[in-house]
Amino acid sequence: MTENYFAYKDDILMAEDVALDALAEQFGTPLYVYSKAAFTDHLGQYIKTCKQYETANLRPLVCYSVKSNSNIAILNLLAKQGAGFDIVSGGELARVAAAGGDPHKVIYSGVGKTPAEIRLSLEHDILCFNVESLSELRRINQIAGKMGRKARISFRVNPDVDAKTHPYISTGLKKNKFGIPFEEVLPTYSVAASLEHIEVVGIDCHIGSQLLDDAPLLEALDKILNLVNQLEEKGIRLSHIDIGGGIGIRYEDEQPVAIPDYLSRVFAKIGEWQASHCPDRQMTVMFEPGRSISGNAGILLGRLQYLKTNSGKHFAVVDAGMNDLMRPSLYEAYHGVKPVIKRNVPAQAYEIVGPICESGDWLARDRELAVEEGDLLAFMSAGAYGMSMASNYNTRGRPAEVLVDGQEVHLIRRRETPEDIFALETLVP
Ligand code: LLP
């Protein structure tokens, strides 16, 4: 939880042992601030619990979902702690490589892999492609053939389970674009098994994000194990099961399932299944967590520019906008807002908005705050899908990013300048 790593000390909000107002002075705002201890703790919960259940024939692999926060310093930190990576583009693969991540621990999901991205992945000899259609399978087979390689693949199965989360981040229902429809999975595997340059190694699913309860994930796992049995009967033997990411975090007052509890239920199910179906065979169990590792490991700092009242409604205008943190405008997502320095001034309910020329540019609504112009505000739980979804809309440079480690501060991405933003553009002669 953010509370542990971003807490008040003498009325000043800190990131670990560093006061956030000092960071704002040094690096300016808007500023993403991450806690190294939080990242280490959250990934550690996955890794330590997995270790408890590891046996000679049951191997876990935690593949951090790069899209949630893809700064190479973060990837490097997590790689050193033993993480593999779940990627969704050639760009993310390049990041993992630049961060010193092990390509043999990389799995590649996504419905739209291009030929160049497939080639790059084969050159890096990634662990597995999570294939989402027959056309993609054929393309991978063809490219692998030309390169004289065999591509390891898994199919992303759409288990038709309701993740009971926001429709934009629910991915495992029939109507979603993701994965192979449940009823087509068996024939699709048969096609794959017949292709020369394909090695069928696994099965995967990812049903959605910000799941507070693990029941839908366990339901999906039951369906997957059932498929593994049916494939086995057809002579197709898999060596890994990947059940995706999706565990939620506390933004406001949610009570998400604890990571160790969720994992222990997964391992109980898989252990029991393995004992009765394939006790002598080595299986790998993979996870693709993103938000539960990065979400509460970061905040966004913004400075209050103006307080204004329009027709009786109070607005607090900050220098961070929807281009810096898109989640509120895109999903009506809730992010806690805390003043960096607690003040003794009258509190008032504000809509907190950014400087972008869009009515949808808001970061928080109806928040009671005791603030004055010039104050710093912290937007909590912004470590996941914050900076990684930021844009340059309105030619605004994306925020700088710093990683705090105890009393130490590392600038892990400098602020973008206008020149950075238009550097790739050219005048017509
Ligand atoms: N694996 C796959 C195949 C995924 O599509 C995702 C997320 C993950 C793993 C990681 O899921 P997580 O553990 O973070 O829930 N931008 C949205 C979230 C989009 C999630 C997309 N897929 C948000 O800000 O809420």
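The model is predicted. In total, 19 residues surround the ligand. To see the closest of them, pick Ser209, Glu288, Arg327, Tyr331 and Tyr385.

Next, select Gly246, where the backbone supplies the atom: an N or O atom lies 2.8 Å from a ligand oxygen. Then move to Lys67; an N or O atom of the Lys67 side chain is 3.3 Å from an oxygen atom of the ligand. Now show the surface of the ligand. On its own the ligand has 590 Å² of accessible area, and the protein covers 92% of that.

**The two domains**

Colour the protein by domain. Domain 1 takes residues 2-35 + 295-421, and domain 2 takes residues 37-290. Selecting the contact between the domains brings up 23 residues from domain 1 and 20 residues from domain 2.

With the colours still on, return to the ligand. Why does the ligand lie between domain 1 and domain 2? Both domains give residues to the shell around the ligand, so the ligand lies between them.

**The cysteines**

Finally, select the cysteines and display their sulfur atoms. How many disulfides does a search of the whole structure find? The search finds zero. Two cysteines can be checked by hand.

Start with Cys128, which is in no disulfide. From its sulfur, draw a distance to Cys63, which has the nearest cysteine sulfur, 9.6 Å away. A disulfide would need the two sulfur atoms within 2.5 Å. Is Cys128 buried or exposed? Cys128 is buried, with a relative accessible area of 0%.

Go on to Cys278, which is also in no disulfide. Here the nearest cysteine sulfur belongs to Cys205 and is 17 Å away. Cys278 has 5% relative accessibility and therefore counts as buried, the cut-off being under 20%.

Definitions and conventions. Residues numbered from 1 in each chain as written. Predicted model: local features only at pLDDT ≥ 70, side-chain atom pairs only at ≥ 80, totals over all residues. Heavy atoms only, no water. Near = heavy atom within 4 Å. Polar contact = N/O pair within 3.5 Å; in protein donor to acceptor, adjacent residues only side chain to side chain. Areas by Shrake-Rupley, 256 points an atom, 1.4 Å probe, with all protein chains shown as cover. Domains from an automatic or database assignment. Buried < 20%, exposed > 50% of the residue type's maximum accessible area, 1.4 Å probe, protein only. Contact = heavy atoms within 4.5 Å.
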